[in-house]
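Hi there,

Here is the structure I promised to pass on. Have a look at it first, and my notes follow below.

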Amino acid sequence: MSDELRRQARRHLGQHFTRATAWRSPEMLVVVRSEGCYLWDDRGKRYLDGLAGLFCVNMGHGRADIADAAARQLKQLSFATNWSAAHPPSVEAASLIAELAPADLGVVFFVNSGSEATESAIKFAREYHLSQGRPERCKIFSRHMAYHGTTLGALSATGIPQFRSAFLPLLPWFRQVPNTLGWENEGDVPTSALSCVTAIEEAILEEGPETVAMLIAEPVQNVGGVMVPPNGYWQELRRLCDEYGILLCADEVICGFGRLGHWFGSQRNGVVPDIITFAKGVTSAYAPLGGMIVREPLIDALLDSSVGMFTHGVTWGGHPMSTAVAVANITAMRDEHVLDHVLALAPSFRAGLDDLAERHQIVKEVRGDGFFYGVELMAGRDAGRHLSAEEKATLCRDVLPRLLQQSGLMTRADDRGPAMLMLSPPLVADREVIGELLGMVDEVLTGAESWLASWT
Ligand SMILES: Cc1ncc(COP(=O)(O)O)c(C=O)c1O
């Protein structure tokens with residue numbers, strides 16, 4: 001049965017971002033069950049979910065309350081739109097999210113994914129400026145190596161060369177600016193003088209500030225090395241956007257809904273953006289849902305203008321089941337004090353990772369916050385030896401996946417920027433689960449070091 005399923009999967013199931021060897025592998029992973037922080041494959045092997053699915057199963061797997069909310073809603077009202085109309089679960093979800101969002105971010109526009117959320121923000125920024133008599137403000141700034149999604153608008157904002165190159169030319173009015181990686185190496189300078197800030201201002205001036213519509217950035221950028229920004233960095237982004245009339249969008253597809261121990265990463269960074277995009281954790285992946293939250297005065301300005309409408313929408317935006325799931329998920333997250341749990345456990349999670357870093361020469365550095373970490377790898381820390389391109393590719397694409405599978409830790413090695421082992425478990429992981437996860441990482445790092453020793 002399992003082998004037949006694998007055969008059919010290899011033939012009929014389109015795999016996302018999957019190399020031919022993995023797509024055609026007779027050993028393709030087939031996951032059949034999940035509960036709490038664990039998943040089981042069809043052969044009965046248990047895995048600890050070290051990536052919360054794809055940074056999304058925030059409340060853990062297999063919760064009956066969320067599943068029941070979906071079933072109840074489907075029986076009550078299976079579908080109605082948010083096109084010149086409303087229905088109770090979308091209104092309830094929007095109101096709940098607006099209450100949790102910072103300041104006057106009070107209007108929630110639902111779509112189905114993070115990519116669609118990015119598309120929505122790009123289109124909103126352009127149409128907002130158009131409505132205010134500024135049609136020339138159409139350029140979008142994003143940061144090098146940032147992942148904002150895969151649809152062509154979102155991909156134009158995505159700054160990962162490997163994902164962009166097959167689709168060039170992308171949309172013309174996008175520009176990538178430096179991210180914050182390595183800011184610590186610039187010495188004791190004020191944040192406003194760091195090159196990751198000054199380069200953005202230079203790019204704005206070069207393009208002409210009157211042509212720039214929006215800057216989009218993650219509170220903590222995932223791809224390229226889990227970049228925690230320096231203190232005051234987001235305040236600088238806010239200052240630049242205010243000074244030059246640019247909308248500031250925080251892409252909170254990963255950072256939103258508790259990943260950093262706050263409802264939104266923007267609250268961690270202490271800045272009110274104009275737009276927040278979200279997806280993933282809003283439903284803990286019990287149903288597809290994404291969206292953007294916009295400051296109320298901006299919506300009013302658009303609606304009160306001669307444009308009079310946000311010219312954008314999708315059939316399933318705010319689907320009753322998905323928004324009912326969001327309500328159940330967010331309510332559980334709030335009532336079970338999950339954000340407090342993340343803040344309370346994060347220091348020992350971090351300390352455990354730092355301890356592993358000290359004991360393993362293959363670890364260059366650990367970066368992250370809350371329940372969101374990346375372990376950057378190199379060939380030998382004390383020797384200052386970096387991985388060759390071949391070592392990095394083999395380590396991330398063959399060796400680590402095999403070691404992770406053996407140890408029963410489900411997560412990814414990411415080689416799109418520096419070689420990273422990603423760790424982002426469900427937010428409900430307790431001390432015991434985090435301890436088990438750290439033990440597995442220890443085992444995987446030991447295996448990777450042995451492989452490196454035999455390779456060199
Ligand atoms: C920061 C960020 N933005 C946008 C997206 C795109 O989301 P989706 O895969 O739901 O389209 C992702 C996906 O991982 C993401 O991490």
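F109 has M292 in β10 as its bridge partner. Strands here are DSSP runs of E with at least two residues, helices are runs of H or I with at least four residues, and both are numbered from the N terminus. β4 and β10 run antiparallel and are joined by six bridges; two strands count as paired if DSSP finds at least two bridges between them. β10 is also joined to strand β9 (residues 275–278), again antiparallel, by four bridges, and there I276 has I293 in β10 as its bridge partner.

Before going further: this is a predicted model, in which local features need pLDDT of at least 70, side-chain atom pairs count only at pLDDT 80 or more, and totals for chains, interfaces and linings use all residues. Residues are numbered from 1 along each chain as its sequence is written.

How many residues of β10 are buried? Six of its six are (buried: 20 or more other C-beta atoms within 10 Å of a residue's own, with C-beta atoms placed from the backbone). G290, M292 and V294 lie on one side, and G291, I293 and R295 on the other.

These strands belong to an open sheet of seven, in the order β4-β10-β9-β8-β7-β5-β6, with mixed pairing. β4 (105–111) and β6 (174–177) stand at the edges with a single partner strand each, so one side of each has no neighbour in the sheet. From one strand to the next, the twist averages 20°. Helix α12 (residues 296–304) packs on the sheet, touching β4 and β10 (290–295), and its direction makes about 85° with that of β10. Axes are lines fitted to C-alpha atoms, for helices over the stretch in contact, and angles run from 0 to 180 degrees between N-to-C directions.

Now the domains. The assignment, automatic or from a database, gives domain 1 (2–62 + 337–455) and domain 2 (65–335). 27 residues of domain 1 are in contact with 25 residues of domain 2 (contact: C-beta atoms, placed from the backbone, within 7 Å). On the side of domain 1 that touches domain 2, α14 gives the most, with five residues.

Finally, the ligand. Of the 14 residues around the ligand, S113, G114, S115, G149 and V253 come nearest; near means a C-beta atom, placed from the backbone, within 6 Å. Helix α6 (residues 114–131) gives the most to this shell, with three residues.

Best wishes

Note on methods. Two residues are in contact if their C-beta atoms, placed from the backbone, lie within 7 Å. A residue is buried if 20 or more other C-beta atoms lie within 10 Å of its own, exposed if 12 or fewer, and partly exposed in between; C-beta atoms are placed from the backbone.
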